[in-house]
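Here is a short briefing on a protein model. Look over the sequence and the fold before reading on.

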Amino acid sequence: MVERRITLEISSSPHHVRLAATAARSIVSTTSLPESDVSHVHLCVTEAATNSIHHGYMGKAGRAIRIDITLLDEKLIIDVCHQGNNSEQFQQALDALVISNEQDLEAFMMKNLMSEGGRGLALIKYYMDETKVLSESGWVCLSMAKHLTQ
């Protein structure tokens, strides 16, 4: 198994999120994923990094966000990490989402249409094949995986 890994570290600002998501998109586009999946991964990186700013750092700028992109033979793994608030609430929010098909996603989005936030994790859970929250050495990471082979 060949593992290729790149780590990006950005400051917690929307401008840097856009730059990191674009860099991740460029890396992911070198895989066997179709363009639609590359776009979905780009969206998921954007949402995960934005969640790090809003929920991990409570909107504070200038804090570190780390994005680890690992390409394995059979899957792509992206960990979006922050050193902010606790992983337990993050995992509970992720576990509470039951998004297994497009109808589930549409129903969730319609129910939460007027909410200020809360839709990013639903999109991530729908578009990525695996999601989990990791806590390591002071970092809280949303780990997302996309299978490269069908």
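How many aromatic pairs does the count come to? The count comes to one aromatic pair. Tyr-126 and Tyr-127 have ring centres 5.0 Å apart and planes at 65°, so the pair is edge-to-face. The model is predicted. The points below take up these rings, then the sheet, the helices and the cysteines.

**Aromatic rings**

- Tyr-126 has a relative accessible area of 26% and is therefore partly exposed.
- Tyr-127 has a relative accessible area of 18%, so Tyr-127 counts as buried. The cut-off for buried is under 20%.
- Another ring faces a charge: the charged end of Arg-66 sits over the ring of Trp-139. The distance to the ring centre is 4.7 Å.

**The sheet**

- Five strands make up an open sheet, with antiparallel pairing. Their order is S1-S2-S3-S5-S4.
- S1 (4-11) and S4 are the edge strands, and each of them pairs on one side only.
- On average, neighbouring strands of this sheet are turned by 20° against each other, direction ignored.
- S3 and S5 run antiparallel and are joined by eight bridges. In this pairing, Ile-77 stands opposite Ala-145 in S5.
- S4 (residues 130-136) pairs with S5 over seven bridges, again in the antiparallel sense. Ser-135 stands opposite Val-140 in S5.
- S4 and S5 form a hairpin, and two residues lie between them. In the turn, Ser-137 has a positive phi of about 45°.
- Is S5 largely enclosed or exposed? Eight of its nine residues are buried, so S5 is largely enclosed by the rest of the structure.

- Helix H2 (residues 35-56) lies across S2, S3 and S5. H2 runs at about 20° to S3.

**Cysteines**

- How many disulfides does a search of the whole structure find? The search finds one.
- The disulfide is formed by Cys-81 and Cys-141, with sulfur atoms 2.2 Å apart.
- Which hand does the disulfide of Cys-81 and Cys-141 have? The torsion about the S-S bond is about 110°, so this disulfide is right-handed.
- Cys-81 lies in S3 (residues 75-82) and Cys-141 in S5 (residues 139-147), so the pair ties together parts that are 60 residues apart in sequence.
- The two cysteines also face each other in the strand pairing: Cys-81 stands opposite Cys-141 in S5.
- Cys-81 has 0% relative accessibility, so Cys-81 counts as buried. Cys-141 is buried too, because its relative accessible area is 1%.
- Cys-44 is in no disulfide. The nearest cysteine sulfur is that of Cys-81, 15 Å away.
- Why does Cys-44 count as buried? Its relative accessibility is 1%, and the cut-off for buried is under 20%.

Notes: Residues are numbered from 1 along each chain as its sequence is written. This is a predicted model: local features need pLDDT of at least 70, side-chain atom pairs count only at pLDDT 80 or more; totals for chains, interfaces and linings use all residues. Side-chain values use heavy atoms; hydrogens and water are left out. A disulfide is a pair of cysteine sulfur atoms within 2.5 Å. Helices (H or I, at least four residues) and strands (E, at least two) are DSSP runs, numbered from the N terminus. Buried means under 20% relative accessible area, exposed over 50%, partly exposed in between (1.4 Å probe, protein chains only). Two strands pair if DSSP finds at least two bridges between them. Rings of Phe, Tyr and Trp (its six-membered ring) pair if their centres lie within 6.5 Å; planes under 30 degrees apart count as stacked, over 60 as edge-to-face and the rest as tilted. A charge sits over a ring if NZ of Lys or CZ of Arg is within 6 Å of the ring centre and within 35 degrees of the ring normal. Axes are lines fitted to C-alpha atoms, for helices over the stretch in contact, and angles run from 0 to 180 degrees between N-to-C directions. Contact means heavy atoms within 4.5 Å.
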